[in-house]
Amino acid sequence: MRRKMDFKEQAANKIIGEIKGLKSIQTPAYVCDLAALRRNLSIAQEIKARTGAKIMLATKAFSQFSVFPYMKEVLDGTTASGLYEARLGHEHFGGEVHAYSPAFDEREIEALLPIITHLYFNSVSQMYRFLPRVKTARPGIKIGLRVNPQISLVKNSALYDPSAPNSRFGVKKADLTDEIMAQIDILHFHNLCENPVEDSEALIGHLTQNFGPYLERIAHVNLGGGHYFTAPGYDLERFVTALKCFKERFACELTLEPGGALVYDAGYLVTRVLDIFEADNENMAVLDTSASAHMPDVLEVPYRPSLRGGGIAGEKPHTYRLGGRTCMTGDVIGVYSFDEPLAIGDMLIFTDMAQYTMVKNTNFNGVPLPDIGILHESGRYEMVRKFGYEDFAGRLS
Ligand SMILES: Cc1ncc(COP(=O)(O)O)c(C=O)c1O
């Protein structure tokens, strides 16, 4: 049953879990928190300084290029999963531009060649197909081959485990011949996703034990992403020690290509309540955002995003199911509780919304895309980009 909201209630808009600087911004909006980003970057800087590893930003996780100037002060470049990411890295970040894809086509390779510094193949067949052209056009380019180390360390979702059965990622050890090794400069192992240090150690231990002869003859190893070194409680000492031992043991150059860890908890999705009513004896709040269109990992992983000032169901006196504004029944962000009742117009702030959000969003249902902004360290909000009807229609005919 619809609960009538009186005008006074609407006018007294609350900001749940207020953040200085975001009080009166237009919503929905993705906001990169520069102070939090810099905190993550300082951890990356420490890893680089203590291990000698290079660190690339995996732009699949985060491509808000308006903050690339801050990121490139520390990072060595970007790693792309597709042509457009490579171009973005080349044009807006600079430094090294790595590219990997489960499969390239000829046109992509031609477009990539002038702008990348490192090219990784996923299979031996792709490597043999494109190597002659690549070596002729760009003799200096570094060639990597993705190897599937066949150790499952991503436990929360098979969707994100590159070593899952029937995975299409990487060449298996049994297929790694001398002839193949002679063609490549880099062995590439990406096998983690939001993993704690124990799993980075397990991966490194597994590689040391099982790939020793290959690692001894290769000059460069890329240990991929998924090392979650900015997460609370992460033991940086252990990570640094594991990387240093590996690097010294195999006398190799080392690259990491994290995405999530570099922007962990460095962004918000700021939204407002559009409607409140009761459904099946539950309080329902519909927001001006959407799990499906604006934070698809909430449904895909799935996971329950953190919300400032929001508890789990029943933890605080007022519990609401927070729904998105698309037509999909499952477009629900989760059930949250609050100290006070919600009202139409109240502002809510989801956290850890920099990674895998902007890069994956859609205009499904013709729902507008959130603004993109920056919260500067001074507390000043800078709106960087607004989207309109043209962004929606432009993709459709
Ligand atoms: C090849 C490769 N490198 C790096 C990454 C970045 O991973 P993360 O964001 O978990 O650090 C991914 C993520 O899927 C990937 O597939």
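First, the conventions. Because the model is predicted, local features need pLDDT of at least 70 and side-chain atom pairs count only at pLDDT 80 or more, while totals for chains, interfaces and linings use all residues. Residues are numbered from 1 along each chain as its sequence is written, and side-chain values use heavy atoms, with hydrogens and water left out.

I start with the rings. There are twelve aromatic pairs in the structure. Rings of Phe, Tyr and Trp (its six-membered ring) pair if their centres lie within 6.5 Å; planes under 30 degrees apart are stacked, over 60 edge-to-face, and the rest tilted. Tyr-336 and Phe-350 have ring centres 6.1 Å apart and planes at 75°, so this pair is edge-to-face. It links distant parts of the chain, with Tyr-336 in strand 13 (residues 332–338) and Phe-350 in strand 14 (residues 347–351), 14 residues apart. Strands here are DSSP runs of E, at least two residues, and helices are runs of H or I, at least four, numbered from the N terminus. Both Tyr-336 and Phe-350 are buried. Buried means under 20% relative accessible area, exposed over 50%, and partly exposed in between, using a 1.4 Å probe and protein chains only.

Tyr-336 has another neighbour: Arg-304 lies over its face, 3.9 Å from the ring centre. The criterion is NZ of Lys or CZ of Arg within 6 Å of the ring centre and within 35 degrees of the ring normal. Likewise, the charged end of Lys-173 sits over the ring of Phe-211, 5.8 Å from its centre.

Next, a pair within a helix. The rings of Tyr-389 and Phe-392 have centres 6.2 Å apart and planes at 55°, so the pair is tilted. These residues are three apart in helix 14 (residues 389–393), which means about one helical turn separates them. Tyr-389 counts as exposed because its relative accessibility is 57%, and Phe-392, at 27%, counts as partly exposed. Elsewhere, Phe-104, Phe-121 and Phe-130 make up one aromatic cluster.

Now helix 2. This helix covers residues 34–51, 18 residues in total, and reaches 25 Å from first to last C-alpha, close to the expected 26 Å. The expected span is 1.5 Å times one less than the number of residues. What caps its N-terminal end? Asp-33 does, with a side-chain oxygen 3.1 Å from the backbone nitrogen of Ala-35. Just after the helix, Gly-52 takes a positive phi of about 80°. Buried residues in helix 2 include Leu-37, Leu-41, Ala-44 and Lys-48. Asn-40 is buried too, at a relative accessible area of 0%, and its side chain makes a polar contact of 3.3 Å with that of Arg-39. A polar contact is a pair of N or O atoms within 3.5 Å; within protein, one must be able to donate a hydrogen and the other to accept it, and residues adjacent in sequence count only if both atoms are side-chain atoms.

Last, the ligand. The residues around it include Lys-60, Arg-146, Glu-257 and Tyr-356, each with a heavy atom within 4 Å. A backbone N or O atom of Gly-226 lies 2.8 Å from a ligand oxygen, and one of Gly-260 also lies 2.8 Å from a ligand oxygen. A polar side-chain atom of His-190 is 3.4 Å from an oxygen of the ligand. The protein covers 86% of the 390 Å² of accessible area that the ligand has on its own, by the Shrake-Rupley method with a 1.4 Å probe.
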